[in-house]
Amino acid sequence: MSFWQRTLAILRKDLIAEWRTKERLSPMAFFSLLVLLVFNFSFELGGAALHEIGPGVLWSAFVFASLLGLSRSFADERENHSLDALLMAPGDRGAIYLGKMLGNLVSLLFIEVICLPFFALFFNLSPGFFLLPLLGVFVLGSACLSAAGTLFAAMSSTMRLRELLLPLLLLPMILPALISCVEATGLVLSNRFDANLFSHLKMLAVYAIVFVSLSLMLFEYAVEE
Amino acid sequence: MADDDIVIEGASKHFASFVALRSIELRIGRGQFVLLAGANGAGKSTLLRLLAGISRPSSGRVLIAGQDPQRYAEARASIGLLSHHTLLYDDLSANENLTFFARLYALPDAAQRVEEALEQVGLTEQRHRRLRGFSRGMRQRLALARATLHRPTILLLDEPFTGLDQLACDALNERLRTLKTADCTCVMVTHRLQEAAELADRLVVLGKGRICHDEAWSGSPQALIDTCAPFLGAPR
């Protein structure tokens, strides 16, 4: 069986379980919408404020929602020690990482797509085709979050203080990607598609590729006790 | 020793300053049923994890059919693990669980194997029920189906009788007896010596991370309890 088939088997299993329980999606969606709502009332956003703090608000909601999802991403494997069975299966163990990472990416993208209309509504954002590149920023930014987050979630999954450790490990590590996400989102919302935007997108793509490659090599050491 | 399925050469395992296993030397021949006994914390489960390729030794080496299970997928493919943890997913049905593992092991006739496995453990009628609604006995039967789905030549058993009633224990015993006659090499860790005595043909006792007793076994359950008692700290 190829690496990709094993990856897809793990992704499929995670998506089926998540679709049935909504254990991760429900708190993630609730939290993100709550953040948008609170900021809407606190700052009376719209107009200039949209460009100044809108991107930061949006990505703060996504990052903290992703922490909720990531901390649960190995809960299924922990519950009945199923990770042992995955590690025993033949083939490259990187497939476990990639399957889990793609599952986290799909969950995060799902939340982002749900949040976008509410963001537009709360922040007085006129809908238009210029928003399409925002989806590219979402995909690349979420890939960065999921790539780093899945590795650190695996590392902290067997630890007692895992809920505390995950943000402590992850947040400093994703800071460069997060800055690019905020900057690129700000540029798209300002309808400025210049070289600056593409340099941020390139930075996000490189970050995701580097982190996925590193994680594929390090994953089996990360899950060892 | 070409017929040795399992070879452990000077394997030690440390967790920070704690030494779980110290220079273990053990060779297990094809088709042997080894009972691994010892007090709590003796290192039995750690040894099974090394054999399963889940964990790597701090020093020394473990070979399964001549290969390191950490590095060679073929070695891992020949091992099955039945533990007191089911290693299954509660939010998937019995059928989905087995199909998932069949995919991971790239079994050529996955659907047929899953069907046969469910039939062998008597769960065909419950195949579409989620595990969350299963009793402990049903879960353990499905765990056995998962552990043997890829027809392993080596079966590792870590306290497989935990939480099972007598009827379920008898059924599991019966299935293990069948595997034994099929020349499957088994290493079992259990405190239920009564059940293990009928299956084991070799007794290995671990104490403080070392092998402190190793002999071929064909005695009665009571003799096994008496033999193990000094190492387990139980009254004779």
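Helices (H or I, at least four residues) and strands (E, at least two) are taken here as DSSP runs, numbered from the N terminus. The model is a predicted one, in which local features need pLDDT of at least 70 and side-chain atom pairs count only at pLDDT 80 or more, while totals for chains, interfaces and linings use all residues. Residues are numbered from 1 along each chain as its sequence is written, with chains lettered from A and ligands numbered from 1 in the order in which they are written.

Just after α8(A), a positive phi of about 60 degrees is found at N191(A).

Chain B contains eight helices and nine strands. Its radius of gyration, taken over C-alpha atoms, is 18 Å, close to the 18 Å that the globule rule (2.2 Å times the number of residues to the power 0.38) gives for 236 residues, so chain B is as compact as a globular protein of that length. Along the principal axes, the C-alpha atoms of chain B fill a box of roughly 45 × 40 × 35 Å.

Turning to the sheet, six strands of chain B form an open sheet with mixed pairing, in the order β5-β6-β7-β3-β8-β9; two strands pair if DSSP finds at least two bridges between them. At the edges stand β5 (79–83) and β9 (210–216) of chain B, each pairing on one side only. Within the sheet, strands β3 (residues 33–38) and β8 (residues 202–207) of chain B run parallel and are joined by five bridges. Here L35(B) stands opposite L203(B) of β8(B).

Finally, the largest nonpolar core holds 144 residues. Such a core is a set of buried Ala, Val, Leu, Ile, Met, Phe, Trp, Tyr and Cys residues joined through C-beta atoms within 7 Å, where buried means that 20 or more other C-beta atoms, placed from the backbone, lie within 10 Å of a residue's own. The members that touch the most others are C144(A), L36(B), L156(B), C186(B) and V187(B). Helix α7 (residues 132–156) of chain A gives the most to this core, with 13 residues. Leaving aside residues up to four places away in sequence, C144(A) touches I174(A), A177(A), L204(A), Y207(A), A208(A) and F211(A), contact requiring C-beta atoms, placed from the backbone, within 7 Å.

Key: Buried ≥ 20, exposed ≤ 12 C-beta atoms within 10 Å, placed from the backbone. Contact = placed C-beta atoms within 7 Å.
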